[in-house]
Structures are given as C-alpha cells and as structure tokens.
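Biologist: Could you walk me through this one? I would like to start with the overall build and then go into details.

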Amino acid sequence: MIHDQADYTREDESVHEPLLSEKGEETVDVREESPLPDDLTREELTLPAPSEPEIARHYTRLSQMNWAIDSGPYPLGSCTMKYNPKFTEDVAADPNAAVHPDRPDRAVQGNLELQYRLQEFLADVGGMDAVTLQPPAGAAGELTGILIAKAYHEHHGNDRSEVVIPASAHGTNFATAATAGYDVVELPSGEDGRVDLEALEAAVGDDTAALMLTNPNTVGLFERDITEIAEVVHDAGGLLYYDGANLNALLGRGRPGDMGFDVMHYNVHKTFATPHGGGGPGAGPVGVTEELAEFLPSPRVRGTNGEKGYERFEPAESIGKVHGFEGNWLVLIKTYAYIARLGDEGLADAAAKAVLNANYLAERIDLEVPYGPFHHEFAATAGERDAADVAKRMLDFGVHPPTTKWPEMVPEAMLTEPTEIEGQSSLDDLAEAFDLAYADVDEALETAPNRTAAARIDQVGAARNPRLSWQALEED
Amino acid sequence: MSGSPYAPHTDAETAAMLETIGVESEESLFDIPEAVAFDGEFGIDARTERGIRDECARMFARNDDATEFLGRGHYSHYVPSVVDHLSDRAEFLTSYTQYQPEISQGFLQALFEYQSMLVELTGLPIANCSMYDAATALSEAATLADRVRSTTGDVVLVPGHLREGKRAVLENYCAGADLTVEAYSMDDGIADVDALADRVGDDVVMVYAENPTLRGCIEENLDAIGEVADDNDALFTLGSDVVALSVLEEPASAGVDVVVGEAGALGLPTSYGMGLGVFACREEHLRQVPGRLVGASEDAEGDRAFTLTLQTREQHIRKERATSNICTNQAWVALRAAIHAAWLGPDGLVDLANDCVRDAAALADRIDDLSGAAAPVHDRHHFREFTVRTDQPAAAVADDLEETGFLVHVVGEHLLQVCVTDHNAGRADDLVAAFGEVI
C-alpha cells in the first residue's frame, strides 16, 4: 500500500524545484525605451526571463508535485472533489464565446442564451424561481444571498440586525453575515447533530434577518425537521438561506425551494464538477423565490418575444453588483455542459452514488462515525489519535486525506466525502489507507508523510516568520 | 443513458456495496421526509458529449462576428499557447486548495512565484494569491481601510471616472461596514488634486485612484494624491493592472498603501469579464490582508517548502472575525498569469506595455485626422484606450461602426472610447477606414 508521490528531490540540494527567480532574472531599464516622460514611469523592472523550454520544464515539474482529482481519491469533506469531465474544457474554449462583456445585447446573443438556459437549469435543480449567475464563488454567493435578504427586509421597512447560524456551519457563513453588517447568533447543535428546534425558537425573533442552513449539514445529516425549522423562521419574519455546499447529496431527491428555503447559492465547482483549479475560479450562482427576484443583482438575462432573442435587464429593486462584470464566465459554460450531459437521471444517480459511496466507505473503515444516518459525507472520529497526524500518514498510502478537525462537534473529526466518482475497489483502497494510518504507531504518525515531495512542513514557523515572496527569501 | 457517466459502478458492484452496508436499495440511504422529497423530474434531457459541443458551438456562433475595440476594465492581450498547455495539466486544473501542503508543493510554489511577481510590479512587500476581480479587490481594500485606520471617518473617496459596475460592487461591501462612497472630480481625464485636497478630511478612511484612469489616461499626480491621503491618515489605494504596472510609476514609491486591480490582463483571453483580482499592501497590514497567502517554510528534512500561511485571518478559523469571507479565489488564473509573465520576461512585458502607449497614441492621431472626430479628448498620455469626441451623436456612430463589424464604447452623448492592444491592433487600419466612412 506504500505509495511514492513525486519524490524527486536531489539529495545534494535543499529545494524541490528552484524558483523561477533562481533560474535567472533580468533587469530592464524602463526609461530608456519608454515613450513616456520619466516622471510617469518606473526606473527599472527585474523579473525572471526563462526560455519557453525552461518554462515548460519548470511548470511540468511543479505539476508533478501536486495531487489532483486525476491523481487519485480526494475525499475532502464539504469540498465535493468530483472528476471534471474533459469535454467541458473544450466547450468553454470556443473562441466565439470569448467576447467582451460591454457588447450590446444584440451582438452577444449566444452568451445571453447560455446564461438564460443555465439560469433555468439551476432554478429547476434548486426549486427556485429566479437565478443570478454573477457571484464568482460560493462565499460571494452567500454574500449576494444575504444582501438580498437585507434589501428585502429594508424594502419592507424592517430593521433586522441578526443572522442565525448553526455552530456546525462553514466558516464562510459567519464571515459573510459579518461582511453584510449583521451580528451573528450561533446556534448550538442538538444532541443528534441537527438543529435543535427549541434552541432555534429561543434564538430566532424580531431581530432575525435570516437563518443560514446547510442541508444535509456538515456531518451529512439531513435536517429532518426542515418544515418546522422553516415555520419557526418564517413566523418570526426571517428568511431561510440554503448553503449549497452539500447540494450533491440532494440532486433529484430534494429541492431547497420545496423545503421552504427562500434563497440559496450553488457551488458549481462542487456540485456540477467544474474544476477547482487549485483554489478557484469557481462560481456561486444564487437562486431565490419569486418574492425575492426583484432584489437580484444586475443584470439578469431574460428571453424577449421580439427577434432579439435575449436581453439583459436590471431587476426593480436590485442590490446592484457583486462582481465587476458577469462573473466567472468560463466556469459557467462548464456548468451548463455538465448539467446537460447528466440530465435528470444522471443528476439523481450522482447523488445516489455519492451517498452509496459514503455509506460503504464508512462501513469499511475501523474508525467510529458518531452521527447518522449520513448522506454524501460522514465525520469519522480519530478518537485518541490526532486526526491531522492520521491524515498525514494517509498521504503515504497514495490517497488524499479527508478534511480534519472539523466540524468541531466530532472530536478529532475526519470529514470524508468520496463523491460518486470512486468505484468499489477505489473505496476499498481508501478504506485500507484509513485503517493502516489509524492503526499505525505513534512515531509513524508524527513523522509522516515520508513518500511525498516534501516531508512534514513546519506551519508554525511559516506563520511566525512570514516570507511571502522570493524577495523576502533573498533578504533572509 | 441512465445514471451518471462519471460514476463507475456496475450493477453487481452497487449490489455488493448495498449488501456490505446492509440496506436493500440506494433509496433507503436517503433520510428525506416524504413531505419535502422530490420526484427527480427536472425536465432536463441528458445529451451526449458530441451533442453538447454542437449545441454550445451553435449558441456561441450567434454572437456577432465583430472586432472589439473594447476595454474599460476588461483587457485582452495575446495569450501564448504555453499558458494553455501548462495550466491545463490536470495536476493543476483538477486540484483543490492546498490544505495538505506536502502533496501540493507544485501549486503552492507557482502561487508563491505569482505573489513575488506582484511584489516586484507594485514595490509593496505583501501580495495575496488572488481576489475574484478588480472590483471585489477594491471593495476588500475599503474594508481593510476601515479596520486599520484610526480615523473615525466612514467615507471612501473614488475618482469621478469610475466604472459603474465597480462602484456598485464597492457600495455593496461598504454598506456592511457602514462606509459611504463619494466621488472626487476629475481634471481632463485624471484626478483633480486640488478638489481632492479640499474634500479630504477626518471623515475619509480611504482615497482611491486609478492608473491608468477609466478613460485610459496615465495619472500624473500619484505622488500628490499620496501626500493628500497621508496627511489625512487615509489609506491610499491604487487600481492598476499588471501590464500597466510594468512601465508606469512604481506604486510603493508614490506612497501607495494598497494596490488592487486586474492581473487577468495576462493569462486570460477576453472572457466576458472574468478577472483576476490583485491585492498587494504594506507590511504593517499583513495580518489584515484578505484571502490566501503562500509562505516559505521548511520541511522535516530541512528542505525549503511552501504552505498556506497566516490562516488565522481566514473564515474557516476566525469565522465572523475573519478579514474576509473569501475562500475559493482565482488561483488557477493566477497560475496562468504567472506563466504568461514568465514567458514575456521583463523585456517582453515592457515592450507590451510600451506598445499600449504607442498604439493608443497612434490610433488616436489617425482618428483625430478625420473630420467629424477629435481624439484623444483629454490632453494626456494614454494607455491602451482613449476617448473620441464625435460631431454626430456617439451612439449613432457606434451603431454604424457595429454595422461594419467594429465595436467601441459609447461613454457620452458625443463621446466614444476605443481600446487598442496587440489583440486588435492588426485591425486598426480597418477601424480608421470604417470611422472615416461613418462620420
């Protein structure tokens, strides 16, 4: 089961790959060549000047030191690391789609049509009435949704100051509410890991603008009381916000709109398999009920009856904009292609297999899973072991480990989300990696990993003495 | 077709897995009450790969075949093939955020190098590994100003010429921090420093300027704006882009505290406004920076290694006290911009930027020679773009140009804006000829 991962370090060097700057920099005298007067220009510019072959080798070497979903299992809980279908890249690379956002509507009908159709797809999948594609990431979608809630309350003359968020929610929820200017009321988890209705009733009141809820929640549990939860929030005059991070579990089997949610975001780089690109770009479209549609960001796209086909328009009470232009366009094209490829049955099957895989893997591993029944992800506990150490040891067995030490309701949590793309044998390998690491001796855990490009990295040192550029390294 | 083409399970495997779990069916694994369950009928028909490629190609072919002389915040330069081929390597494209640095050294180093390039371009010691775009980066600068400035003020001053969409985004972020956005006037395409100086006071937390300005003018008063901001303890934030920064006055030496703007001018072709937000700042604001930072460290064998660092600023640890809610950013676009910058090298970058000055001046001169048009409107140096005053209504001129296959911006009743880069410079002759015919 031991697995070498790109450990190509030369023993006589203390780096895995030299920096571009170490391969040779050049300095250009800017003023010598510039058509501009000296007081408007910089004196010089010093940057690496590698040849194209050197560039190709540098980045190829770097890529070989990087784990990806195409390398093997990547079961990061709450991240939904699915296979990214290759053909979507080709669809998005169409040069005809590469146009400027300031084109008049009549000159950009093709893009507007795809935007319109994708809005419709997403509305159908979420059970929502209207959708904006503008937010460039999930957190941006959250902010958009909460700003819509705020605009709604202000429009109705309600001054509400609080957003209620379960303790187990993603950190972005809390940060989003604060960015929108709300106070956060944290809701403790019930004993069964779900929202406690009594605690919710106590937390919700005249000041509640919204409850932000992830369903299934961050340990994979469906909030069975969702109808009652919606009632409590709505009776208090608040809105119900759906965090779409875990939507993959519900595809075709439940829709936020049918559960009483008023506003939601979609993480297309999770649920709809657009590549995450090492940290982005993603996209975080937002869906709302009819009642909230007039507050959506501007512009939206609608069909016209005339010959024009599609047009952009500003919703009556629009919150304005959340991205300078139309959001992460290339990602949105890939989203459309993925949803169209799967269709109704494919989407439902994705959820079914994601849930099957999580349950099978949990059954196969020796670690205990305290909460259930879970859906697409589960939080195992490393018990007396340090979850972060177990994760590091898993790297030596050829898999990416789960999310560790979160959510906090599970001690030494290993939040695991295999997604639908792993088959039985792959899950068996993953289970073996879990069990080997979990059962290993303390010393092996503390010194792991040993088979990766870099050995265990000193994170404390990195933060204590921040060196964030090659210039800072040269000063050292 | 039934089922997802990307789930590998055979029926036999599914049955075996269900048996291991101890349930009868996939359905029984779902704990969704009947009242809120959905029957799965979205009405979306599955298509084949080939079918979708054809469908989307047909859709995109409905975009007019026009040559764009458009800019105003979204710029296009030739992106060399090496950028696509290397950034499309699946090890980069299909990876996640680098939570396990030991098997993510490649992307971390690439982002560290990107940060370093921005440090050189801005002269500021700290650069993060990306924001969504210029508008959101500017917005995060405003909330940073609110956190770091001791003044009791709540006003963010922005140029009179500011892209409407950018201002709309800024206002959304400002509202949550109880900040208000106010514009200062312009003087022939650049900042009116006297008016700015008159306006700035205790109530101002941030002064924002752009170089080049929205009208494409190169700002001549950066140092003076910096002094005005500094005298009033306001944060001085500058918006620019990576190509312009290659030749224009270095922000740090003009007293700039934060640089925001677009790095997508490198690495990204025209992409309907998709961006790559720059965020660079002074050392003293390090712990208030939004977004991800990659730092150098050592591994257990004493080798240099890279890792995400100072994460206690971020939402997954600090929650509502985080510096921002951002997590997913534009990392892959940053990788592309870095490859593009490496390919150009400093010589190539400076040449590209100088062409942005020369080509804009040359095209403006040729349009100015036509009767019925005057360009550039502002008596300034320009970068990439400039405005044109037309005797006829600008909208009518733009419509006529569109008929002949050229797109330009309408920015006033008798005002057009034209942007020229290596992307469209080859069609400049044709644009001038078209202008000559329609005016």
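Biologist: How many helices and strands are there in chain B?

Modeller: Chain B has 14 helices and 17 strands, where helices (H or I, at least four residues) and strands (E, at least two) are DSSP runs numbered from the N terminus. Please keep in mind that this is a predicted model, in which local features need pLDDT of at least 70 and side-chain atom pairs count only at pLDDT 80 or more, while totals for chains, interfaces and linings use all residues. Residues are numbered from 1 along each chain as its sequence is written, and chains are lettered from A and ligands numbered from 1 in the order in which they are written.

Biologist: Switching to sheets, what is the strand order in the open sheet of four strands?

Modeller: In chain B the order is β13-β14-β17-β16, with antiparallel pairing, and two strands pair if DSSP finds at least two bridges between them. The edge strands, each pairing on one side only, are β13 (373-374) and β16 (409-412) of chain B.

Biologist: Over how many bridges do β14 and β17 of chain B pair?

Modeller: Strand β14 (residues 385-390) and strand β17 (residues 415-419) of chain B pair over five bridges in the antiparallel sense, and B:Thr387 stands opposite B:Gln417 in β17(B).

Biologist: How many residues of chain B are in contact with chain A?

Modeller: There are 164 residues of chain B in contact with 169 residues of chain A, a contact being two C-beta atoms, placed from the backbone, within 7 Å. Helix α12 (residues 331-368) of chain B gives the most to the side of chain B that touches chain A, with 16 residues.

Biologist: Which residues have the most contacts inside the largest nonpolar core?

Modeller: That core, a set of buried Ala, Val, Leu, Ile, Met, Phe, Trp, Tyr and Cys residues joined through C-beta atoms within 7 Å, has 321 residues, and those with the most contacts inside it include A:Ile148, A:Tyr241 and B:Met206. Helix α10 (residues 329-364) of chain A gives the most to this core, with 23 residues.

Terms used: A residue is buried if 20 or more other C-beta atoms lie within 10 Å of its own, exposed if 12 or fewer, and partly exposed in between; C-beta atoms are placed from the backbone.
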